[in-house]
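Open the model in a viewer and keep the sequence panel in view. The stops below are meant to be taken in order.

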Protein chains: 2
Amino acid sequence: MRYQLYYWPDIQGRGEFVRLALEDAGAAYDDVARAKGGMARMMAIMKEEKRPPFAPPFLKAGRLTIAQVADILFYLGPRLRLAPADEAGRLWLQQLQLTVTDFVKEIHDTHHPVGSGLYYEDQKTEAQRYTQGFLGARAPKYLGYFERVLKNSGGPNLLGRKFSYIDLSMFQLIEGLRHAFPKGMARIERATPGLTALHERVAQRPRIKAYLASERRIPFNASGIFRRYPELDG
Amino acid sequence: MRYQLYYWPDIQGRGEFVRLALEDAGAAYDDVARAKGGMARMMAIMKEEKRPPFAPPFLKAGRLTIAQVADILFYLGPRLRLAPADEAGRLWLQQLQLTVTDFVKEIHDTHHPVGSGLYYEDQKTEAQRYTQGFLGARAPKYLGYFERVLKNSGGPNLLGRKFSYIDLSMFQLIEGLRHAFPKGMARIERATPGLTALHERVAQRPRIKAYLASERRIPFNASGIFRRYPELDG
């Protein structure tokens, strides 16, 4: 099966959680909107589908169109051998991925607390207040939670022996948070040595390593979820 | 199977999306934290579980513990006959429920845009700015999307002929938004007559009607997701 991923062409954004799974599995896929005419195709699908996505990313898999990162990964997981086979294991994995979803939204809101339709410059003061609570309480709470899950699992992965898409998502979270908040993350990671080691192991996986060094990996920038605004990293 | 639902005892909150499914199906369940000693039990589980919930609500179903509303509903759906049986249908239903999850977070943020750890009174000005964009753009976008999904499905439910848990969630969203923003919603609902009719039909389902009239339904209040602050409903 060859997959078609549809996502904004200029950012890692939420699409990156899907890309990492496809890349790690060595799956055949097209990153449609990054090719010529792809954006128009993406917008047309959002308009015309009988079961339309609310927003990108979405994945075409044969006759299926699936949106929402956690739903896409739930579908792909067993097919890419990045999920356990049993129902209890899949539900637990999905529960963790949904907690990543919540975390990603809060990360996004560090630079856009008042409204995604407004410029960062028009909510800079509020962003600073929001980020204070984020770096002081929320990020340590989320990462502390995943550190505990990792420890409980017996390691070396978040599900224990089985490597899964949640490990790839955790890699991306840590990579992105380090980019956005180098100072804040240095402090927070003192309490999450297990996640730090997991991040390093994921970065060394051959296909991930090759992907990160390729042009397929879009660099962090000032339009994505993880943005480096030094004034926020107090 | 008798289920145990664990959620904060004094608010509808996110737990309500699960309660509505259990109630509509006439399922046997305990709303644990509302009974004597239940809160202590809930906190103990969050501490002690090997696969811990990040936050309530969570559901105990035999040996399973499942957190995250969309994950709980994904599990319960087929068992309560509130989901289609085929994979494509279940994925589509979950995709819609995840869009509800995103919407609920934005609704919550109308009164807490700067931080969930701060009082509303300390972010009132920001809440007004946030809610302007919410009522002017975000809520119409979300509800317009679901109106389109309903129309595409052929009705009378969001999945077409099959009544499912997304219809119950949509009922709750409309009920809550009307409570929080009576003026704003009166405007918005002019463009979503299908959802308005769906809301009315759900309210008339015998078990839902009985539930809403019972003491099991916690009234809207100033601690939940849907809060009536007239200054926000501009």
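Which residue of chain B comes closest to the rotation axis? Select B:Pro113: its C-alpha is 2.9 Å from the axis, the closest approach among the residues of chain B.

Before going on, a note on conventions. This is a predicted model, in which local features need pLDDT of at least 70, side-chain atom pairs count only at pLDDT 80 or more, and totals for chains, interfaces and linings use all residues. Residues are numbered from 1 along each chain as its sequence is written, while chains are lettered from A and ligands numbered from 1 in the order in which they are written.

**The two copies**

Display both chains. Chain B is superposed on chain A by a rotation of 180° with 0.0 Å of shift along its axis, and the RMSD is 0.0 Å. The two copies are thus related as by a two-fold rotation axis. The superposition is by least squares on the C-alpha atoms of residues with pLDDT of at least 70 in both copies.

Next, select the interface. Here 31 residues of chain B are in contact with 31 residues of chain A, where contact means that C-beta atoms, placed from the backbone, lie within 7 Å. On the chain B side, at least two residues each come from strand S4 (64-67), helix H3 (69-79), helix H4 (87-109) and helix H5 (124-153). By class, this side of chain B has 16 nonpolar, eight polar and seven charged residues. Nonpolar here covers Ala, Val, Leu, Ile, Met, Phe, Trp, Tyr, Cys and Pro; charged covers Asp, Glu, Lys and Arg; the others, Gly among them, are polar. Of the interface residues of chain B, 100% are also interface residues in chain A, so the copies meet through the same surface.

The element names used on this tour are DSSP runs, numbered from the N terminus: helices are H or I with at least four residues, and strands are E with at least two.

**A hairpin and a cis peptide**

Zoom to strand S3 (residues 58-61) and strand S4 (residues 64-67) of chain A. They run antiparallel and are joined by four bridges; strands pair if DSSP finds at least two bridges between them. A:Phe58 stands opposite A:Ala67 in S4(A). Two residues lie between the strands of this hairpin, and A:Gly62 takes a positive phi near 60°.

Now select A:Pro57, in the loop between helix H2 (38-48) and S3 of chain A. The peptide bond joining A:Pro56 and A:Pro57 is cis, with omega about 5°.

**Two arginines with positive phi**

Select A:Arg81, in the loop between H3 and helix H4 (87-109) of chain A. Its phi is positive, near 60°, in a residue other than glycine. A:Arg81 has 14 C-beta neighbours inside 10 Å and so counts as partly exposed; a residue is buried if 20 or more other C-beta atoms, placed from the backbone, lie within 10 Å of its own, exposed if 12 or fewer, and partly exposed in between. In chain B, B:Arg81 has phi near 55°.

**Last stops in chain B**

Where does B:Pro156 lie? B:Pro156 is in the loop between H5 and helix H6 (165-180) of chain B, and a cis peptide bond with omega about 0° joins B:Gly155 to B:Pro156.

Finish with B:Ala180 in helix H6 of chain B. Is B:Ala180 buried or exposed? With 23 C-beta neighbours inside 10 Å, B:Ala180 counts as buried. Leaving out residues up to four places away in sequence, B:Ala180 touches B:Phe226, B:Arg227 and B:Arg228.

Definitions and conventions: Contact = placed C-beta atoms within 7 Å.
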